[in-house]
Amino acid sequence: MKYIAQPQISEEEISLVAHTIRSKSFVEGENARTLEKEFATYVGAKHAICTVNGTAALHLALEGLNIPPGVEVITSAFTFIASANAICFGGGIPIFADIDPSSFNVDPEKIEALITPKTKCIVPIHIFGLPANMKAILDIAEDHKLTIIEDACQAHGGRIDGKHVGTFGDVGCFSFYATKNMITGEGGMVVTNNDELATRIRSLKNHGRGPSGGYHHHLIGYNFRLAEPLAAIGLIQLRKLPKMLEQRRKNAEMIRSTIMELDSLNAQTIPTGVTHSHYICAPVIQDPKFSVDEVIKELHNRGIGSRRIYSVPCHQQPTYLDGIKTWRWNKFVNYPDYSKVRLPVTERIAHSHFEVPIHPGITSDEVAAIQNALKEIFSSG
Ligand SMILES: Cc1ncc(COP(=O)(O)O)c(C=O)c1O
């Protein structure tokens, strides 16, 4: 439990990877196609297209939807920076809406307040694996004719009334980074129900080739293909995903019950009908007499992994305060002055959270040790 995350790799992954390498299959092929087929079935989407990572999945989604330069894309700042950077790749302008204090996900009312004639797209992020309020977001998108790209990079297994996240909007993006609920090491997936969009994204990720491959190219594309040995890992991981999610849920529920008992701590609220995929458990300190750094130190002293994650939200990252001034699109696009952006809820949560392990590799004794540590630390203040 020293580690916040730990890939769950067994002989099954190792043997399929070995078989794949022995067959000299390195380039996207049978494993990748099977992974796409099974992932599409798992999430309930018509198409799944594997990619080199989750960032590339977001990049492809934006480019697939033809989001042009200068267009405003509303998202949240309490996330991994890739969510915002992907918007910039094609000249889009990230507009950060504040989050809801109970979910840490984008607050739909704050989205609505930021819509201008330049807004064309919303990128809700299912942060820590908790589905965002998709019903409200879909209503806003419909009213204002906006497209939706779901950043489900942290939310394999997240559902709303049984429907998997990533399938509510026009397109959904997943990451298989080494810490995620299922992994390939580096890897990702785009899902959509739109046939035309799927064809375009398949082409964009493969140098603009058509379905027959070869050396005929139709679009300016990229090489965002997933290596075949990594697809082999993903295939086994996907088949193990329900079991790994069940273990995460058990661990998270125990630890969350302790968090809820302690007056000075809070956790994400899970609305009725919503399935949290429990990628991350990050309690928020409510009582200023406890310092996040001290708490993390106390947990480390007890052999428990802990860290701040998004303590610097995107709008306060040097990337958006300074780096954006030298970004190639800055000559053509009017970015806001991000130093003037104020997101009180985002900033409060960013400064008061810390992560504790809930991954499927921890034992029930270790879960109990985490519960005891939280009780000791937060009852002693
Ligand atoms: C919310 C979010 N968006 C995007 C990404 C980018 O995914 P990747 O690291 O696979 O490029 C991540 C992953 O780490 C993420 O957590």
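User: In which loop is histidine 278 found?

Analyst: Histidine 278 is found in the loop between E11 and strand E12 (284-285). The model is predicted: local features need pLDDT of at least 70, side-chain atom pairs count only at pLDDT 80 or more, and totals for chains, interfaces and linings use all residues. Residues are numbered from 1 along each chain as its sequence is written.

User: Is histidine 278 buried or exposed?

Analyst: The criterion is a count of neighbours: a residue is buried if 20 or more other C-beta atoms, placed from the backbone, lie within 10 Å of its own, exposed if 12 or fewer, and partly exposed in between. Histidine 278 has 30 C-beta neighbours inside 10 Å and therefore counts as buried.

User: Which residue follows H4, and what is its phi?

Analyst: Glycine 91 follows H4 and has a positive phi near 90°.

User: How enclosed is helix H4?

Analyst: One reads this from the burial of its residues. In H4 (residues 82-89), six of the eight residues are buried, so the helix is largely enclosed by the rest of the structure. They are Ala82, Ser83, Ala84, Ala86, Ile87 and Cys88. These buried residues pack against helix H3 (54-64) and against strands E2 (72-76), E3 (93-97), E4 (119-123) and E5 (147-151), where contact denotes C-beta atoms, placed from the backbone, within 7 Å.

User: How many residues has the largest nonpolar core?

Analyst: A nonpolar core is a set of buried Ala, Val, Leu, Ile, Met, Phe, Trp, Tyr and Cys residues joined through C-beta atoms within 7 Å. The largest here has 112 residues, and those with the most contacts inside it are Ala57, Ala61, Ile122, Ile149, Cys173, Met189 and Val190. The element that gives the most to this core is helix H8 (residues 228-261), with twelve residues. Both domain 1 (11-238) and domain 2 (241-309 + 347-379) give residues to the core, so it lies between them.

User: Which residues does isoleucine 149 touch?

Analyst: Leaving out residues up to four places away in sequence, isoleucine 149 touches Leu58, Ala61, Leu62, Cys121, Val123, Gly169, Asp170, Val171 and Cys173.

User: How far apart are the centres of domain 1 and domain 2?

Analyst: Domain bounds come from an automatic or database domain assignment. Taken over C-alpha atoms, the two centres are separated by 27 Å. To the contact, domain 1 contributes 22 residues and domain 2 contributes 18 residues. On the side of domain 1 that touches domain 2, strand E6 (159-160) and H8 each supply at least two residues. By class, that side has ten nonpolar, nine polar and three charged residues. In this scheme Ala, Val, Leu, Ile, Met, Phe, Trp, Tyr, Cys and Pro are nonpolar, Asp, Glu, Lys and Arg are charged, and the others, Gly among them, are polar.

User: At what angle do helices H2 and H8 pack?

Analyst: Axes are lines fitted to C-alpha atoms, for helices over the stretch in contact, and angles between N-to-C directions run from 0 to 180 degrees. Helix H2 (residues 30-43) packs with H8 at about 30°, and the axes are 8 Å apart. The crossing is left-handed, meaning that the near helix is turned anticlockwise from the far one by less than a right angle. The contact involves Asn31, Ala32, Thr34, Leu35, Glu38, Phe39 and Tyr42 of H2, together with Glu228, Ala231, Ala232, Gly234, Leu235 and Leu238 of H8. These residues divide into eight nonpolar, three polar and two charged.

User: How is this reading applied to a residue within a strand, such as histidine 47?

Analyst: Histidine 47 is in strand E1 (residues 47-51). This residue is buried, with 20 other C-beta atoms within 10 Å. Apart from residues up to four places away in sequence, histidine 47 touches Ala40, Val191, Thr192 and Ala198.

Terms used. Helices (H or I, at least four residues) and strands (E, at least two) are DSSP runs, numbered from the N terminus. Two residues are in contact if their C-beta atoms, placed from the backbone, lie within 7 Å.
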